[in-house]
Amino acid sequence: MMTNALSLFKTEIRHFFLISLLNLVFAAIAIAIGVQYMVTAILAQAPDPFIPGFLVIPGLRVFTGAVALICFGLGISWILTTVRIFEGIVTIKDDLDNDGDTIADERLTCLIVRMLAHYRDNRRTIRTMILVCTLGGICFFVLGIANSLKVLTLSSGGFAFTLDNLLLIPAMLLTLSISLASLLSSYYFSRFADVWERRLREIGDSECALKQKLGLEEA
Amino acid sequence: MSGRRTVYEIYWEILIYCKSPRSFTSIINRCDLNSKNAQEYLEFLTGKGYISLVTDGEKSGYQSTPAAGEYIELFSSLYQKLFDKTPGFRL
């Protein structure tokens, strides 16, 4: 049983570590891109004089700047929440790696207890991170589209827009990858959270046996 | 070990740590407990016969008794059982 438990525990911790690391990297990129888009939005406030005939939406750049500001804020929130979780996981993973494959039964139980305590401590943070990742993904997607719009006109008959091709491709690629990374993180974190919640429930159920063993409850 | 733990996890941790005689201070430090709580836990475990106070010359310390083995074994098996099943999604 122990070998199976050990290999499963190791795999889970390694994957959780990788997802946390991926989160850190993308949160840093999200902050950088948020700042970059904000600067771009501020510098490009004036209407483009080279495109006559189109009514430049006055609030488009302001809107882009506002979304960029939200993305920047979400990026900071994203990185702060990830760091808290990442630190705990790194210590558990390091201990697990240092012990190697010949890990004692008690040591493995100790690491499982530590992981459970870490999850209990960061339960709310993980829930927040799931939300922040999802919101971040959506915001970056909107930002990518809004920033690649050069001109947008609305009339009673419909709407017309002009896209800046040079901005579109890199911006869309970047925002798409960040959106994808944040949505994937959100998905995996929520799956991990579900699994750990189930384990906490299982522990709650098995506490009866421990109570009986300690003589706290009649059999 | 720090963090939010259940009372059963704290009992287990004390029992594991006290496999060799340990002073009250070292138990407090290792198990991240305050002295009041540590005293209560140790009194409970002593009362149940899972821990005994041993003296070696001038030194005295707490040590787990053979009776604690059953609790430790049950605890380990229950916690390792959590990893019997795969998480239910592809990693």
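Colleague: Among contacts in chain B between residues at least 6 apart in sequence, what percentage join residues at least 24 apart?

Modeller: This is a predicted model. In chain B, 47% of the contacts between residues at least 6 apart in sequence join residues at least 24 apart.

Colleague: Which helices and strands does chain B have, and in what order do they run?

Modeller: Chain B has four helices and two strands. Starting at the N terminus, the order is α-α-α-β-β-α. Chain B is more spread out than a compact globule, because its radius of gyration is 15 Å, well over the 12 Å that the globule rule gives for 91 residues.

Colleague: What does the C-alpha trace of chain B span along its principal axes?

Modeller: The span is about 55 × 25 × 20 Å. As for burial, 33% of the 91 residues in chain B are buried.

Colleague: Let us turn to the strands. How many bridges join S1 to S2 in chain B, and do they run parallel or antiparallel?

Modeller: Strand S1 (residues 51–56) of chain B is joined to strand S2 (residues 59–64) of chain B by six bridges, and the two run antiparallel. B:Leu53 has B:Tyr62 in S2(B) opposite it.

Colleague: And what lies between S1(B) and S2(B)?

Modeller: The two strands form a hairpin, with two residues between them. In the turn, B:Gly57 has a positive phi of about 70 degrees.

Colleague: What is the mean pLDDT of chain A?

Modeller: The mean pLDDT of chain A is 78, and 79% of its residues reach 70 or more. Among the elements of chain A, H3(A) has the highest mean pLDDT (83), while strand S1 (residues 149–155) of chain A has the lowest (62).

Colleague: Where in chain A does pLDDT stay under 50?

Modeller: That happens over residues 51–55 of chain A, for which the model has six contacts beyond four places in sequence. Where pLDDT is low, the predicted coordinates should not be read in detail.

Key. Residues numbered from 1 in each chain as written. Chains lettered and ligands numbered in written order. Predicted model: local features only at pLDDT ≥ 70, side-chain atom pairs only at ≥ 80, totals over all residues. Rg over C-alpha atoms; globule rule 2.2 N^0.38 Å. Buried ≥ 20, exposed ≤ 12 C-beta atoms within 10 Å, placed from the backbone. Contact = placed C-beta atoms within 7 Å. Pairing = 2+ DSSP bridges. pLDDT = per-residue confidence, 0-100.
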